[in-house]
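Please have the sequence and the model open as you read.

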Amino acid sequence: MAREAGVGIKTVSRVVNGEPNVAAATAERVRETIARLQWEPDAHASNLRRTNTRTRTLGLLLGSVDNPFAATIHRAIEDVAIHRDVAVFASSLDEDPAREIAAVEAFVRRKVDGLILTCAAGSQSYLAEVVPPEVPIVFIDREPADFTADTVRSDNLGGSTLATRHLLAQGHRRIAGLFDRSAIWTSQQRREGFARAMAEYGVAPDQLDAMSDLTTPQAAEATVLELLGSPTAPTAIFSAQNRITVGAVHALRKLGRQHDVALVGFDDVELADLIDPGITVVAQRPAAMGQAAAERLFEQLDARRAGDPLPAVDAVLPVDLVCRGSGEIRPSAPTD
């Protein structure tokens, strides 16, 4: 390519990588030669020669890429990265601590420029040994433990408190809380918000129906069927994750109880506004979360390249209560 354009190899490299110090006419001649010969750089071969320069790739670790919430985050990150000519390698966590560590190690072996991570392991202290100091990390959706880095997350505590208060304000006191794995940071935060709101209304801790470790819609459905068959059946349900909400809806419809048992979910659910009644949710902002995480990562990359890393920040995004009908059902009047 350099021979055809009549320039040095380093000049072609500077033009391809968008580096300065190339005369405008020379840069245009190189680009014309590239277009005429239909040449594309080999990213893999380029990376073999690089040591401290960028590979134009990011590693992204999400709970599960088939979850709509995670998929929306993924797309938002890609939308930011593509304008930087950066590719995103994504992997699913599946709430497996070993898989978290293995994915990070795989990303590092591929010399990604930065990492955006959702974490499942009890501690992220291993990152200090595994990830080179020049590679910035942004945690998304969950806070890390034993490691300091930028974090972008939703107000899980405030959102679950808001959802539970909404049901309490309709007159409910027998409210079942359905939660994901108890080891997950977001699940812990949402359970705490549920308990906090119930305490505000005088519901004692030993009176709480708080069911944890519901990992599939089927498990949530079975739990709701069991709860509604008990003598002290709840009059309302707070489901703390979108897949749990799907299971709860299936159970309510199977029993024909969707119009007399109130339901508020954390996370929006696809087609939630089209069923009867519509599902009331505390909606996160996954697109904004992904965009903020990607932009922060690129800010850190630019700062580190200039030799001045930025201090870590904890960005907490607000959530939105979306009332559609299911959360506004009031408890039935007691009968003699």
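Is E28 buried, exposed or partly exposed? At 37% relative accessibility, E28 counts as partly exposed, where buried means under 20% relative accessible area, exposed over 50%, and partly exposed in between (1.4 Å probe, protein chains only).

A word on the ground rules: this is a predicted model, in which local features need pLDDT of at least 70 and side-chain atom pairs count only at pLDDT 80 or more, while totals for chains, interfaces and linings use all residues. Residues are numbered from 1 along each chain as its sequence is written, and side-chain values use heavy atoms, with hydrogens and water left out.

**Paired charges**

Side chains of opposite charge can pair when their charged atoms come close. The whole structure holds 17 salt bridges, a salt bridge being a side-chain nitrogen of Lys or Arg within 4 Å of a carboxyl oxygen of Asp or Glu. The table shows some of them.

| Pair | N to O distance |
|---|---|
| R31 and E28 | 3.6 Å |
| D302 and R84 | 3.1 Å |
| R153 and E143 | 3.2 Å |

R31 and E28 sit three residues apart in helix α3 (residues 24-37), so about one helical turn separates them. Helices here are DSSP runs of H or I with at least four residues, and strands are runs of E with at least two, both numbered from the N terminus. R31 is partly exposed, at 43% relative accessibility.

D302 and R84 meet in a salt bridge that links distant parts of the chain, 218 residues apart: D302 belongs to helix α12 (residues 286-305), and R84 to the loop between α5 (68-82) and β2 (87-92). D302 is partly exposed at 34%, and R84 is partly exposed with a relative accessible area of 34%.

R153 and E143 form another salt bridge. R153 is in strand β5 (residues 150-154) and E143 in the loop between β4 (137-140) and β5, so this pair ties together parts ten residues apart in sequence. R153 is buried, at 11%, whereas E143 is partly exposed, at 28%. Elsewhere, E95, D141 and R142 are joined in a network of salt bridges.

What surrounds L60? This residue of strand β1 (residues 57-62) is buried, with a relative accessible area of 0%. Not counting residues up to four places away in sequence, L60 touches H74, I77, V88, F89, A90, S91, F107 and I116, contact meaning heavy atoms within 4.5 Å. L60 and F89 are 29 residues apart in sequence, yet their C-alpha atoms are 5.9 Å apart in space.

S160, in helix α8 (residues 156-169), is likewise buried, at 0% relative accessibility. Leaving aside neighbours within four places in sequence, S160 is in contact with Q189, R190, G193, F194, F238 and F266.

**An enclosed space**

Rolling a probe the size of a water molecule over the atoms shows where empty space is left. A cavity is a set of points, on a 1 Å grid over the protein atoms alone, where a 1.4 Å probe fits but cannot get out; lining residues have an atom within 4 Å of a point. One cavity of 30 Å³ or more turns up in the whole structure. The largest cavity holds about 70 Å³ of space. V249, L252, R253, Q258, V261, L263, I275, P277, I279 and S326 line the largest cavity. Helix α11 (residues 242-255) gives the most to this lining, with three residues.

Methods. On a 1 Å grid over the protein atoms alone, a cavity is a set of points where a 1.4 Å probe fits but cannot get out, and a pocket is an open set with protein on both sides within 12 Å along at least five of seven lines; lining residues have an atom within 4 Å of a point. Grid points are joined across faces, edges and corners, and a volume is the space filled by probe spheres set on the points.
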